[in-house]
Amino acid sequence: MAGIGPVSQDWEPVVVRKKAPGAAAKKDEKAVNEARRAGGPIETIKKFNAGSNKAATSAAGLNTKKLDDETEVLSHERVSTDLKKNIMQARLDKKLTQAQLAQQINEKPQVIQEYESGKAIPNNQIIVKLERVLGVKLRGGKK
């Protein structure tokens, strides 16, 4: 490198700056307070139903009137009195508890309890299982 002459570098300064604040940062409480102190313009807009859940419940008023005007009684079919008595009598004839009967038909004891109390919604598959285990025709006469 001897004899080439003075070596000079052509460096230009590079300035790294952050981006200008986005819309979300401008809505920040800190940014709003700074703008107030500086005397800058601040725009406030009252939005309809902002911060509430009224929009989700306002449509319910329309359906409520329809429900009030409804005259038909809508309810699920329940186990008949004859069926629940037949299940209970057949189970007692076999000397089984509700839990034992439930285990034999692979159902929860609560299912048998609901059928015998008349609260269950009839399911033909469960009734067929009960008929098979108890050896009795539950939806009619005896076998």
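The model is a predicted one.

Helix α5 spans residues 81–93. Its 13 residues reach 18 Å from the first C-alpha to the last, close to the 18 Å expected at 1.5 Å a residue. Four residues of α5 are buried: L83, I87, A90 and R91. These residues cover an arc of only 100° around the axis, so they sit on the same side of α5. The face turned away from the buried side carries the exposed residues D82, K85 and D93. The cover over the buried residues of α5 includes α6, α7 (109–117) and α8 (124–134). K95 follows the helix, with a positive phi near 60°.

Helix α8 shows a buried side as well. I126, I127, L130, E131 and L134 are buried in α8. Seen down the axis, these buried residues fall within an arc of 140° and therefore line one face of the helix. Exposed residues N124, Q125 and R132 are carried on the face turned away from the buried side of α8. What covers the buried residues of α8 includes α5, α6 and α7. The N-terminal end of α8 is capped by N123. A side-chain oxygen of N123 lies 3.1 Å from the backbone nitrogen of Q125. After α8 comes G135, whose phi is positive, near 70°.

The nonpolar core comes next. In soluble globular proteins, nonpolar side chains tend to be buried together. The largest nonpolar core here has 18 residues. Within this core, Y115 and L130 touch the most other members. Helices α5, α6, α7 and α8 are the elements that give two or more residues to the core. The most comes from α8, with 4 residues. Leaving aside neighbours within four places in sequence, Y115 is in contact with V79, K84, I87, A120, I121, P122, N123, I126 and I127. Of these contacts of Y115, I87 is among the buried residues of α5. I126 and I127, also in contact with Y115, are among the buried residues of α8. N123, another contact of Y115, is the residue that caps α8.

One joins the side chains of R91 and E116, at 2.6 Å from N to O. R91 lies in helix α5 and E116 in helix α7, so this pair ties together parts that are 25 residues apart in sequence. Both R91 and E116 are buried. For E116, the relative accessibility is 7%; the residue therefore falls under the 20% cut-off for buried.

The other salt bridge pairs E107 with K129, and their closest N and O atoms are 3.1 Å apart. E107 lies in the loop between α6 and α7, whereas K129 lies in helix α8, so the pair ties together parts that are 22 residues apart in sequence. E107 is partly exposed, with a relative accessible area of 26%. K129 also counts as partly exposed, at 26% relative accessibility.

Not counting residues up to four places away in sequence, E116 touches K84, I87, M88, R91 and Q98. Two of these partners of E116, I87 and R91, are among the buried residues of α5.

Helix α6 covers residues 98–104 and includes Q100. Q100 is partly exposed, with a relative accessible area of 37%. A polar atom of the Q100 side chain lies 2.9 Å from the backbone nitrogen of T97. Q100 and I112 are 12 residues apart in sequence, and their C-alpha atoms are 9.9 Å apart in space.

Note on methods: Residues numbered from 1 in each chain as written. Predicted model: local features only at pLDDT ≥ 70, side-chain atom pairs only at ≥ 80, totals over all residues. Heavy atoms only, no water. Buried < 20%, exposed > 50% of the residue type's maximum accessible area, 1.4 Å probe, protein only. Polar contact = N/O pair within 3.5 Å; in protein donor to acceptor, adjacent residues only side chain to side chain. Expected span 1.5 Å × (residues − 1). Arc of directions from axis to C-beta. Contact = heavy atoms within 4.5 Å. Salt bridge = Lys/Arg side-chain N within 4 Å of Asp/Glu carboxyl O. Core = buried A, V, L, I, M, F, W, Y, C linked by side-chain atoms within 4.5 Å.
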